[in-house]
Amino acid sequence: MSEYDVVIIGGGAAGLSAALVLARARREVLVVDAGAPRNAPAAHMHGFLSRDGMPPGQFLAAGRKEVRGYGGVIRDGSVTQVLRRDRSGFQVLLSDGQRVSARRLLVATGLRDGLPDLPGLRERWARDVLHCPYCHGHEVREQRLGVLGGALGAVHYAQIVRQWSHDVVFFAPSGTLTDDQRSQLTARAIGIVEGTVTRVLAAEDRLRGVEMEDGRSIHRDALFVPPRFAANDDVLVSLGCALDSDGWVVAGPQGQTSVCGVWVAGNVANPRAQVITAAGEGSAAAIAINADLVEEDVRDAVHDVTQGVLL
């Protein structure tokens, strides 16, 4: 059975950033990556200083190359089970049947975007049906934008989208807007269309708008959908990591969970993290993990010396 200082589950920005820091710290590191990054449908990523506009796949390929250049190991596949080996060590079962051991575990498995069940929406996802105005707003600036209502906080989300265009329409399910919300939308010239959206319309590989239940077609160039997140946290739940009232894993500032030896980074614990944020969290977690390993190395060294003297 192969032994590693740290096994990192998830090879996105958070996982690879952590692997880079740990490999440079001369730790034995394994990254297990299932190959399904959240931002795979996007043509480009934005807001990452010096990497703005880079295709996500290119970014990950460059990260993998850097990690391997320092001796880090990357395996394609998934983790099917994690068992505690001792107080802070683990056995990790991989999807190909192999077992590896880890002194510490970093989970960076990200999240899933929950999409409304609207015909035509999924096909346009991350192209001109969007969830993050900070990631994609500049690319659709001053176009005809729509915001799909119905989710908690959707009105405030529409106010944020308004920053990128003077032509924004908010699609509100009938009877959901309060008087205050209606006044706020109107004050910033955000159009209000009430009723049920039944379909996303597209032609010639471009979004054309949405169709309403009453038959109206409302033309839009891009549609923003308030995010609905679900963490890929099966491993964390199986290990007994504490969750908050919203169902997200509880973690300290450097990503340490309630379970000794287990850290998190990126979207699996922080649904708001962009690529650059996730990378930073991975780096911070790696530094904390290495410090924890050093403390253990010191304890072991003192124990060995003491035992040698006593003998």
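Two strands count as paired if DSSP finds at least two bridges between them, and the strands themselves, like the helices, are DSSP runs numbered from the N terminus, with at least two residues (E) for a strand and at least four (H or I) for a helix. With these terms in hand, strand S1 (residues 2–9) can be described as running parallel to strand S2, to which four bridges join it. One of the residues concerned is Val7, whose bridge partner in S2 is Leu30.

The model discussed here is predicted, and for that reason local features need pLDDT of at least 70 and side-chain atom pairs count only at pLDDT 80 or more, while totals for chains, interfaces and linings use all residues. Residues are numbered from 1 along each chain as its sequence is written, and side-chain values use heavy atoms, with hydrogens and water left out.

Taken as a whole, the chain contains eight helices and 17 strands, and its C-alpha atoms fill a box of roughly 85 × 35 × 35 Å along the principal axes. Of its 311 residues, 46% count as buried, where buried means under 20% relative accessible area, exposed means over 50%, and partly exposed lies in between, as found with a 1.4 Å probe on protein chains only. Contact means heavy atoms within 4.5 Å, and among contacts between residues at least 6 apart in sequence, 56% join residues at least 24 apart.

Leaving aside residues up to four places away in sequence, Ser17 touches Ala279, Gly282 and Ser283.

Two packed helices are described by the angle between their axes and the distance between the axes. For H5 and helix H6 (residues 179–187), the angle is about 10 degrees and the axes are 11 Å apart. That makes H5 roughly parallel to H6, since angles under 35 degrees count as roughly parallel, over 145 as roughly antiparallel, 65 to 115 as roughly perpendicular and the rest as oblique. In this contact, Val155, Ala158 and Gln159 of H5 meet Gln181, Gln184 and Leu185 of H6.

A second open sheet has three strands in the order S12-S13-S14, with antiparallel pairing. Its edges are strand S12 (197–203) and strand S14 (217–219), each with a single partner strand, so one side of each lacks a neighbour in the sheet. From one strand to the next, the twist averages 30 degrees. Six bridges link S12 to strand S13 (residues 206–212) in the antiparallel sense. Leu201, found in strand S12, stands opposite Gly209 in S13.

Finally, the structure holds two aromatic pairs. In one of them, the rings of Tyr134 and Trp164 have their centres 5.5 Å apart and their planes at 90 degrees, so the pair is edge-to-face. Rings of Phe, Tyr and Trp (its six-membered ring) pair if their centres lie within 6.5 Å, and planes under 30 degrees apart count as stacked, over 60 as edge-to-face and the rest as tilted. Tyr134 is exposed, with a relative accessible area of 54%, whereas Trp164 counts as buried at 18%.

Conventions
Axes are lines fitted to C-alpha atoms, for helices over the stretch in contact, and angles run from 0 to 180 degrees between N-to-C directions.
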